[in-house]
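Please keep the sequence and the three-dimensional view at hand.

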Amino acid sequence: MNKIVIIYKSNYIEKIIETTIHMIELQGVTKIFPNGVRALKNINLTIKPGDFVFLVGPSGAGKSTFLRMLFREDKPTEGKIFIDGKDITTMPDSRIPYLRRNLGIVLQDFQLLKRRTVAENVAFGLRVIGASESMINNKVQEALEQVGLSHKRRMYPTELSGGEQQRVCIARAIVNNPLILVTDEPTGNLDPMISQEIMQLFLKINARGTTVIMATHNHNLVNKLRKRVLALVDGQIVKDEECGTYAYE
């Protein structure tokens, strides 16, 4: 398979990563739950490095299942999923934490640790993997600067607004310079103005080379930005459109 070279730069780190031309590839992916519900049906698609992809469709269409597959929260019943050229469907469970180091995850439910400061929340994943204190301090500061919250690093989640809490979640997701950012309804609980600000953050992250996949019901955001749109209905992709709109019927 052809390869390309992506250069990631920040104030403190420069990474040169040789990667397959497809950052994400699904081959015949089907998911059937124990109760017989077929959540995904023979999904075949590729997502290139640096893509920005909206995942749309009605509730129950399989969007969240699709996203959970990408960070191996769940496994397909049939088919294969490749992340950066690696087959994650056969990956041993012991390797999953290493897979997730290259993934940033932002959910609608903030899932912040209420008894830890903003900086401690952002640093949590780095501490889990045993990063040095100097690296943690540098990366946390950089991530907080990117989301405009460096001045609130010592505050606690309960002292922040909803939009600020979501910014903390984004900082936590990007602190390790992930190859892929997976987001599930990241603006679902936010008012329109704050949603626009959060989307600008995702666009800046994408502009640095990070592949972004966002499940959303927000028609206005999708229609305004005209990025690639994947539409899921009843577990099947019914539309894959560059510069697409929200419509999926």
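In which sense do strand β6 and β7 pair, and over how many bridges? In this predicted model, strand β6, residues 78-83, pairs with β7 in the antiparallel sense, and two bridges connect them. Within this pairing, Phe82 is found opposite Asp87 of β7. Both strands belong to an open sheet of four strands, arranged in the order β4-β3-β6-β7 with antiparallel pairing. Its edge strands are β4 (38-47) and β7 (86-87), each of which pairs on one side only. Helix α1, comprising residues 63-70, lies across β3 (24-32), β4 and β6, and runs at about 55 degrees to β4.

Strand β5 runs parallel to strand β10 (residues 211-215), to which four bridges join it; here Leu55 faces Ala215 of β10 as its opposite residue. Strand β5 also pairs with strand β11 (residues 228-233), again in the parallel sense and over four bridges. In that pairing, Val53 stands opposite Arg228 of β11.

Attention may now turn to helix α5, which spans residues 162-174. The helix contains 13 residues and extends 19 Å from its first C-alpha to its last, close to the 18 Å expected at 1.5 Å a residue. Helix α5 is mostly covered, with 11 of its 13 residues buried. Among them are Gly163, Gln165, Gln166, Cys169 and Ile174.

Phe110 is located in the loop between β8 and α3. Is Phe110 buried or exposed? Its relative accessible area is 15%, and because buried means under 20%, Phe110 is buried. Leaving aside neighbours within four places in sequence, Phe110 contacts Gly162, Gln165, Gln166, Cys169, Arg172 and Leu190. Phe110 and Asn189 lie 79 residues apart along the chain, and their C-alpha atoms are separated by 10.0 Å.

How values were computed
Residues numbered from 1 in each chain as written. Predicted model: local features only at pLDDT ≥ 70, side-chain atom pairs only at ≥ 80, totals over all residues. Heavy atoms only, no water. Pairing = 2+ DSSP bridges. Contact = heavy atoms within 4.5 Å. Axes fitted to C-alpha atoms, helices over the stretch in contact; angles between N-to-C directions. Expected span 1.5 Å × (residues − 1). Buried < 20%, exposed > 50% of the residue type's maximum accessible area, 1.4 Å probe, protein only.
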